[in-house]
Amino acid sequence: MEVEGGNTSANDAVARKISIQSRRAKVFYQFTQQNLPACKPVLTPSWIVTTFLLMGVIFIPIGLVTLRTSHSVIEIVERYDTECIPEKFRGNKVSYIKDSTILKNCSLYLKVPKHMKAPIYIYYQLDNYYQNHRRYVKSRNDQQLLHGLKSNDTSSCQPEDSSNGLPSVPCGLIAWSLFNDTFKFIRESSELVVNRKNIAWKSDRNHKFGKQVYPFNFQNGTFIGGGSLDPSVPLSDQEDLIVWMRTAALPSFRKMYGRIEEDLDADDVIAVHLMNNYNTYSFGGKKKLVLSTSSWLGGKNDFLGVAYVFVGSSSIIISLVFMLLHVKNPR
């Protein structure tokens, strides 16, 4: 009796398996023959006109709000690479910037157009600077940035992988070309405090740059690139370097320098004392100083608002065209 019961259970299992396989084969056949039940909406002219009209009604107000928000951001943009060259060196800017015996100090005066509410973000902007160049982007070693000299393979950092027979930390062209202009802001004979902490992404500080990794043998070669690093400060705290190492995708980009955490009033005159150290003259680059407030959308950028308004307007125009065509030639 036990054997017969076992055979019955086995037969039931085989039957269920065959039934499942049969149903699967039937569904597969219906799918391949496009016989499965499906929703097949009929795009009537009224549906098309209504859809495009609804898109326009939604997108245009969003675009206008976005544009208004962008225009509420106050920006001061000042190019300084040409103004900060002495008159006698303007015929040969490259020799001036490469001469380490000449002080590169310079002063600018910025007038605040409207009340700027803190925090006020300070950026430096570089134009015609291709950080996305393939060789430049690859010239780094992420394992070395995280583990220091424990990472021995620095071949990806060439030609700036070592100096005087010793490895360089950090290595590579990106670190070697670190931006090194400095800025000091004066208002009514008192210096504005610039907060230079937390200007880099927290994920970069905590996970990409070692807390026990210190600069070693950096900028010790015969050919100096950009800024130097404090050998007593770990890479995770060298936020200028961290910001610079996040390479830009476009040839014109901004990188954060710091924050002014007090309001600036309308018509205030800000004196900027800067050191014009960074060489953009060899490749025809431009340097600009940017002071900007922010909004709930971030900085000043009209592209998103213009895109919304353009798509919304286009949708309304298309809906009107379809409506006229339908009235002229109804089905």
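How many residues does α9 have, and how far does it reach from its first C-alpha to its last? Helix α9 has 26 residues and spans 37 Å between those two atoms, close to the 38 Å expected at 1.5 Å a residue. Keep in mind throughout that this is a predicted model.

**View 1. Helix α9 and its buried residues.** Here we look at α9, which covers residues 303-328. Four of its residues are buried: Gly305, Gly312, Ser315 and Ser319. If you wonder what sits over them, the cover includes helix α2, residues 45-71. A handy rule for reading this view: an α-helix has 3.6 residues a turn, so residues three or four places apart point the same way.

View 2. Ile317, Ile318, Val321, Phe322 and Leu325 make a nonpolar surface patch of about 410 Å². One of these residues, Val321, belongs to helix α9. With a relative accessible area of 41%, Val321 counts as partly exposed.

**View 3. An open sheet of 5 strands.** Read the strands in the order β1-β11-β3-β9-β8, with antiparallel pairing. The edges belong to β1 (75-79) and β8 (194-195); each has a single partner strand, so one side of each is left without a neighbour in the sheet. To find your place, look for Val77, which stands opposite Val290 in β11.

**View 4. An open sheet of 4 strands.** This sheet runs in the order β2-β10-β6-β7, again with antiparallel pairing. Its edge strands are β2 (105-111) and β7 (190-191), each with a single partner strand, so one side of each is left without a neighbour in the sheet. Zoom in on β6 (residues 182-187) and β10 (residues 269-275): these two run antiparallel and are joined by 6 bridges. Phe185 has Val272 in β10 as its bridge partner.

View 5. Asp181 sits in the loop between α6 (173-176) and β6, while Lys287 is in strand β11, so the pair ties together parts that are 106 residues apart in sequence. Are the two residues buried or exposed? Both Asp181 and Lys287 are buried.

View 6. Glu262 and Arg187 form a salt bridge, with their closest N and O atoms 2.9 Å apart. Glu262 lies in the loop between β9 (253-260) and β10, and Arg187 in strand β6, so this pair ties together parts that are 75 residues apart in sequence. Glu262 is partly exposed, at 30% relative accessible area, whereas Arg187 counts as buried at 15% relative accessibility.

**View 7. Two helices tied by Glu239 and Arg205.** The salt bridge between Glu239 and Arg205 has its closest N and O atoms 4.0 Å apart. Glu239 is in helix α8 (residues 239-245) and Arg205 in helix α7 (residues 202-207), so the pair ties together parts that are 34 residues apart in sequence. Glu239 counts as buried at 9% relative accessibility, and Arg205 counts as buried at 14%.

Note on methods: Residues numbered from 1 in each chain as written. Predicted model: local features only at pLDDT ≥ 70, side-chain atom pairs only at ≥ 80, totals over all residues. Heavy atoms only, no water. Patch = residues over 30% accessible without salt bridge, like charges linked within 9 Å, V, L, I, M, F, W, Y side chains within 5 Å. Areas by Shrake-Rupley, 256 points an atom, 1.4 Å probe, with all protein chains shown as cover. Salt bridge = Lys/Arg side-chain N within 4 Å of Asp/Glu carboxyl O. Buried < 20%, exposed > 50% of the residue type's maximum accessible area, 1.4 Å probe, protein only. Pairing = 2+ DSSP bridges. Expected span 1.5 Å × (residues − 1). Contact = heavy atoms within 4.5 Å.
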